[in-house]
Amino acid sequence: MLKKVRFIEPGNYSPYKKSISNILTYNKFIRNPSTGLIMLATIVKKHVNDTLMYSESISKILWNDIYDADIIFIGINTFNAVRGYSISEQIRQNSSALLVFGGMHASLNYPETIEYCDYILTGDGDESIIDFIDYYKQNLINNKQNIKFPGVIYKQNDLIINTGKREQPENIDTIPDRNLVYQYSYMAKRYDTLWAQVHASRGCTFNCAYCTVIQHFGQKIRKRTAENIVQDIKEAIIFHKRKVIPRFNNFVWITDDNFAQDREWAISVLQCIIKNKIKYNFSIQARFEIGFDDEMLILLRKAGFIDLALGIEFLDDNSFAEYNKISNYSDILRAVKNIQKHDINVRGLFIVGTDNDTKGIGIKIAQYVIENKIKGALIQSLFFTPGTPFFDKYKKILIHQNWDKYNGNVVHFPKNITPDDLQEEIIIASKKIYSFKRLLYAVFHYKWINKILFIGEYFWQKSMRNDLYKEIEYLKTARLNQN
Ligand code: B12
Ligand code: SF4
């Protein structure tokens with residue numbers, strides 16, 4: 001009998017904690033729960049009525065409600081894998097539930113993850129999770145040899161068995177039932193540091209060498225239908241709506257990696273948003289090519305998109321070539337200018353730590369951001385994870401494989417700058433972009449929603465800088481030990 005299923009999204013080094021700072025500082029002790037895991041809980045709920053999810057991004061876990069479950073599904077990315085493993089050890093000591101892992105890190109790094117669970121379901125879980133539930137219901141799971149469907153990893157007599165790669169699901173039209181996440185409704189209405197998030201397509205046709213997304217979701221783009229996405233957006237907005245005091249942060253983030261890749265589909269989604277008269281603020285992620293598509297930019301603005309996160313990545317052309325990123329400095333800059341002409345803010349996503357970076361890269365990024373009126377920036381140090389083609393090439397320059405530090409920290413020895421200096425460069429850039437002077441400017445000159453965004457990011461970056469500072473001593477020691 002399968003009576004009770006629980007899902008867990010582990011937090012990373014700083015799982016949810018009640019704190020006054022949660023009002024202003026997103027990502028320290030509070031952040032958006034995983035849409036992917038909520039979708040899976042929604043799918044399973046149709047088969048097992050007693051299904052609930054916990055996310056350490058927004059709440060503590062009620063352990064007594066976990067231990068007597070029949071199956072516990074845990075989803076991990078690299079940054080929260082270590083926390084996932086310690087949760088699994090705790091569960092194993094207190095429960096006989098079947099432990100099943102999935103998600104990007106578990107799929108790409110399964111020889112490590114399988115040590116902490118009974119099974120891993122690799123890749124997209126939408127269909128394999130139903131197969132797994134069916135097998136459980138038919139009592140076929142305990143004898144592992146019975147498992148015939150692809151996409152499963154397990155251990156038998158110390159051997160790791162992989163039942164093979166699964167076809168990726170084409171129908172991904174699941175609207176996540178956010179009410180299945182413990183405390184989410186209460187938290188979403190209370191905190192503006194949580195906002196509506198909708199994932200509309202999976203996969204990317206490009207092939208950047210460091211990218212885990214294509215390894216996991218593939219290079220074919222799979223899309224939800226426009227009507228399904230718009231319904232999800234409507235539900236997400238209502239879910240976050242407060243009854244009395246209006247939200248400051250009225251924002252939906254479409255979290256696709258490259259929204260406009262399938263142009264026809266992207267246009268149909270935008271037209272559907274417009275047709276449904278959804279009056280809200282939206283943000284997307286996209287590559288620079290979108291900046292040359294005036295028709296798309298006009299539609300984006302009309303649909304309410306005020307913010308576009310652009311993978312600017314590097315400020316020198318050699319780095320693009322080195323990591324197989326089909327982009328260049330001047331095209332990106334032209335795209336930035338044209339996007340801004342359409343009254344859409346550009347948010348810059350930068351990567352540091354290539355062989356071409358030297359001391360001064362922090363100031364260079366800050367100047368680029370400020371001079372080109374880029375509204376926000378996220379600077380991430382290069383990291384290499386198992387399952388990407390570059391991992392084998394670069395693992396020798398990794399300082400450690402403590403996955404919980406793979407969240408922005410420098411984790412490798414770059415060629416022309418020390419790791420501690422590079423960490424400091426990220427701090428320098430953040431300090432200059434998110435200076436008090438620029439905060440005051442934003443407060444007095446930016447439009448309401450941009451003001452709110454900048455204030456939120458100001459506090460987020462401040463807390464991130466504190467964490468980056470704490471790591472510098474360790475990086476210094478690592479460097480000295482290497483010499
Ligand atoms: C939205 C988002 C966020 C949001 C919300 C995160 C969240 N919990 O969803 C926020 C802003 C909080 C965030 C923060 C960060 N993020 Co982020 N984020 C994303 C983004 C853009 C979309 C996530 C998403 O909705 N995906 C779509 C859903 C459908 O996929 P999914 O969640 O993986 O789930 C599917 C499968 O993986 C599988 N599955 C997942 N779990 C399980 C469990 C089981 C049991 C099974 C069977 C299957 C299964 O089935 C699901 C449905 O098919 C991804 C990129 C991406 N394409 O995934 C990056 C991504 C996950 N983030 C990344 C990073 C690095 C970060 C940060 C460290 C950035 C930083 N420097 O601060 C932080 C870390 C936050 C933390 N916890 O500490 C990396 C992770 C790389 C890696 N190897 O793990 C990604 C892949 C971006 C990238 N291009 O590299 N992020
Ligand atoms: S464009 Fe973005 S999502 Fe696509 S392969 Fe490159 S890094 Fe990955």
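## Two loop residues and the overall fold

Gln183 sits in the loop between β7 (159-162) and α7 (184-190). Helices (H or I, at least four residues) and strands (E, at least two) are DSSP runs, numbered from the N terminus. The model is predicted: local features need pLDDT of at least 70, side-chain atom pairs count only at pLDDT 80 or more, and totals for chains, interfaces and linings use all residues. Residues are numbered from 1 along each chain as its sequence is written, while chains are lettered from A and ligands numbered from 1 in the order in which they are written.

Gln183 is not a glycine, yet its phi is positive. Asn324 is not a glycine either, and its phi is also positive. Asn324 belongs to the loop between α12 (317-322) and α13 (329-341).

| Residue | Phi | C-beta neighbours inside 10 Å |
|---|---|---|
| Gln183 | about 70 degrees | 16, partly exposed |
| Asn324 | about 60 degrees | 14, partly exposed |

A residue is buried if 20 or more other C-beta atoms lie within 10 Å of its own, exposed if 12 or fewer, and partly exposed in between; C-beta atoms are placed from the backbone.

Now the whole chain. The chain holds 18 helices and 15 strands. Its radius of gyration (over C-alpha atoms) is 22 Å, close to the 23 Å from the globule rule (2.2 Å times the number of residues to the power 0.38) for 483 residues, so the chain is as compact as a globular protein of that length. Its C-alpha atoms fill a box of roughly 65 × 60 × 45 Å along the principal axes. Of the 483 residues, 46% count as buried.
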